[in-house]
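These notebook entries record what I looked up in one structure.

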Amino acid sequence: MIRRLLVANRGEIARRIFATCRLIGIETVAVYSDADADAPHVAEADYAVHLPGNAPTATYLRGDLIVAAARKTGADAVHPGYGFLAENADFAAAVADAGLTWVGPPAKVIQLMGSKIEAKARLGDAGVPILPTYLDPEQVTEFPVMVKASAGGGGRGMRIVREAESLAEAVASARREAAGAFGDGTVFCEKYVERARHVEVQIFADTHGNIVPFGERECSIQRRHQKLIEETPSPAVTPQMREDLCSAAVAATRAVGYVGAGTVEFLLTPDGEFYFLEMNTRLQVEHGVTECVSGVDLVQLQLLVAEGLPLRLTGSAPPIRGHAIEVRLCAEDPASAWMPATGTLHRFRVPEVTGEFRALSQPGLRLDSGVRDGSVIGVHYDSTLAKLIAWAPTRHEAARALASALTRSEIHGLATNRDLLVRVLRHQAYRSGDIDTGFLDRYTEVFAPLLSSVDAVRVSCLAAALAGAAARRADATVLHSLPSGWRNVPSGAQTTVYNGPAGPVEVGYRLHRTGDLASWWVRAVDPEELDLAGLGQAPVTNDHPAVAIVSAEPHRVVLDLAGIRLTFRVHRVGAASYVDSPEGSVTLAELPRFPEPAADLTDGSLLAPLPGAVSRVLVVPGQRVDAGELLMTLEAMKLEHPVHAPAAGVVTSIPVSAGAQVDTGTILAVLTPE
């Protein structure tokens, strides 16, 4: 029996495992880096051990330190979660050698399945369908192909190549990324299938020879080969196909002597054929949707199997109840080519959540998160904030509920992929089940922000200005009962300047003596002509929809727009105003009336788009480069980010070197255009 469990991970998955441990009476141990000292998973554990440092290689990838932490705290078992050491055979062996229970498959199975090349060979011999594979990239003669890392997962070390001229660079880039992420730069190529679906089968096996498949999950909505939306059951899988997929997954599981939770991933072609991709020897990120439709706690099942107990469920998959859809909410900046975003999460609220880290017993929303209000998202780990799952009797109902909850969520302080997720869930092609791994490339309209209406942006700006005025009035020591800007004779307008989604805007309004709006406007300001001290001199116009103030409080503004009432929730943090309404969300930064002079940048300066480490510098001062040429790469949040020349020219200077840590806005290079 497991008495005390150490989770060799962080964030959402650590909290998820702790939730089950509390339910069944197992004590918990957390490990944490410097950056995670105040993280929720640390506070929720019964015991916690510090791993000095921040880099994964110094903390969560140090198997020796984690085994020592287990011994120090008296833990008798280790659960790896997913990511980090979850599929590290040496770590699994070290845990077992230390006399601890390993919650996962045997080390020899992890080692075999950890190499996609060896896994393909073994399972091909077992009769599982395999795509044409090239171990040596020089053997590739037909395109397109997918370059893939032999180790690891999560979309890292993967590149689509459509012509021979691009193969060498794609292979080199994939090798670097794989080596940095998994410590193994081995790559191979396999045939790339257009319009294919990514479908996987959740399996469980015990030490008594029982194997149970839990049906399939559809994971085709991907960007940069990383899953964004997962669901079960797949809208493309028929009962017969489900039976065939599950049979192939069971055959793969039996062929390698698997024990515990695992996932067999397949590529499903448009004509209904499927091929083995890889086997993940761990619990998957998207396991929650399977829990919702099966009613089974998969983490609890992992622990029972690790204790040597037989599976209570044997034979065919448990019946599917309804439909579950999961989205991965990530800190990413759509305005900066979807670079990972860093900073403080000032507010994180999802409405009407009916369960956390647990399968739902009735239709509703489940939230699995590793963050809370005030969490700091840094550069050391991945950008996932949370997973939100909707379970409903039908796919249509689940998609609608999930999109609505995302729209009404308050996510303040960081740019996220929330709008993209909502657009996909509401897209007609998604609703009809017409999806594949190229969905986002084909339907680029899903990348548009939700708050796209000009009038919606304008009234959100107005609401922010009115809330700011209400806050100042509430803080006033005298005459705080009078409306902001009130005069007993007609006077000038109240004005505020914000930096908004499309650049600086000036918000102006004038009140009647009753406190209602006499007139208002929101106008764009050219940054090059921005003179904050002189603003407010523009003529007052009223060419926007008629608006009346129903109420204006520091955190809530209600406006009447031509007979339609609309409520705006306004959250102010310093100079930032986060405005949420049924129309969408907008972030506004109030600009000071008398700003400090900014330092001038040298013409042609290329700035770091996000904090990270300079991994490679490929040019030297004085070198001529072409437009689009790769100058250097940054490493942040486990990914490699290229820095390309925006135009042809000559490199004037390179003020950074490989290995240097840089912040957002750091000058990386200076280029003199031709």
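The entries below cover salt bridges, a sheet, cysteines and cavities.

**Entry 1. Starting point.** I noted that the model is a predicted one.

**Entry 2. Salt bridges.** I searched the whole structure for salt bridges, and the search finds 40. I then looked up individual pairs.

I began with arginine 159, which forms a salt bridge with glutamate 177. The closest N and O atoms of this pair are 3.5 Å apart.

Next I turned to glutamate 200 and arginine 217, whose side chains meet in a salt bridge with an N to O distance of 2.8 Å. I placed glutamate 200 in strand E10 (residues 197-205) and arginine 217 in strand E11 (residues 211-223), so this pair joins parts 17 residues apart in sequence. Why does glutamate 200 count as buried? Its relative accessible area is 0%, and buried means under 20%. Arginine 217 is likewise buried, with a relative accessible area of 0%.

Is glutamate 674 buried or exposed? I noted it as exposed, because its relative accessibility is 64% and the cut-off for exposed is over 50%. Arginine 624, at 43% relative accessibility, counts as partly exposed.

I also found a network of salt bridges that links Glu12, Arg16, Glu291, Asp297, Arg358, Arg366, Asp368 and Lys387.

**Entry 3. The sheet with strand E35.** I followed E35 into an open sheet of four strands, in the order E33-E40-E38-E35 and with antiparallel pairing. Strand E33 (605-607) and E35 are the edge strands, each of which pairs on one side only. E35 is joined to strand E38 (residues 649-653) by two bridges, and these strands run antiparallel. At this pairing I noted valine 625 opposite glycine 649 in E38.

**Entry 4. Cysteines.** How many disulfides does a search of the whole structure find? I recorded zero. Cysteine 219 is in no disulfide, and the nearest cysteine sulfur, that of cysteine 246, is 14 Å away. Such a pair would have to lie within 2.5 Å to count. Cysteine 219 is buried, at a relative accessible area of 0%. Cysteine 292 is also in no disulfide; the nearest cysteine sulfur belongs to cysteine 219 and is 14 Å away. I recorded cysteine 292 as buried too, its relative accessible area being 0%.

**Entry 5. Cavities.** I counted two cavities of 30 Å³ or more. The largest cavity holds about 40 Å³ of space. Its lining includes His79, Trp102, Arg282 and Gln302. By class, I noted six nonpolar, five polar and one charged residues in the lining of the largest cavity.

The second largest cavity has a volume of about 30 Å³. Leu329, Phe348, Val350, Leu367, Ala386, Leu388, Leu406 and Ser409 line this cavity. Which classes make up the lining of the second largest cavity? I recorded seven nonpolar, one polar and no charged residues.

Key:
Residues numbered from 1 in each chain as written. Predicted model: local features only at pLDDT ≥ 70, side-chain atom pairs only at ≥ 80, totals over all residues. Heavy atoms only, no water. Salt bridge = Lys/Arg side-chain N within 4 Å of Asp/Glu carboxyl O. Buried < 20%, exposed > 50% of the residue type's maximum accessible area, 1.4 Å probe, protein only. Pairing = 2+ DSSP bridges. 1 Å grid on protein atoms, 1.4 Å probe; cavity = no way out; pocket = protein on both sides within 12 Å on 5 of 7 lines; lining within 4 Å. Points joined across faces, edges and corners; volume = space filled by probe spheres on them. Nonpolar A, V, L, I, M, F, W, Y, C, P; charged D, E, K, R; others polar.
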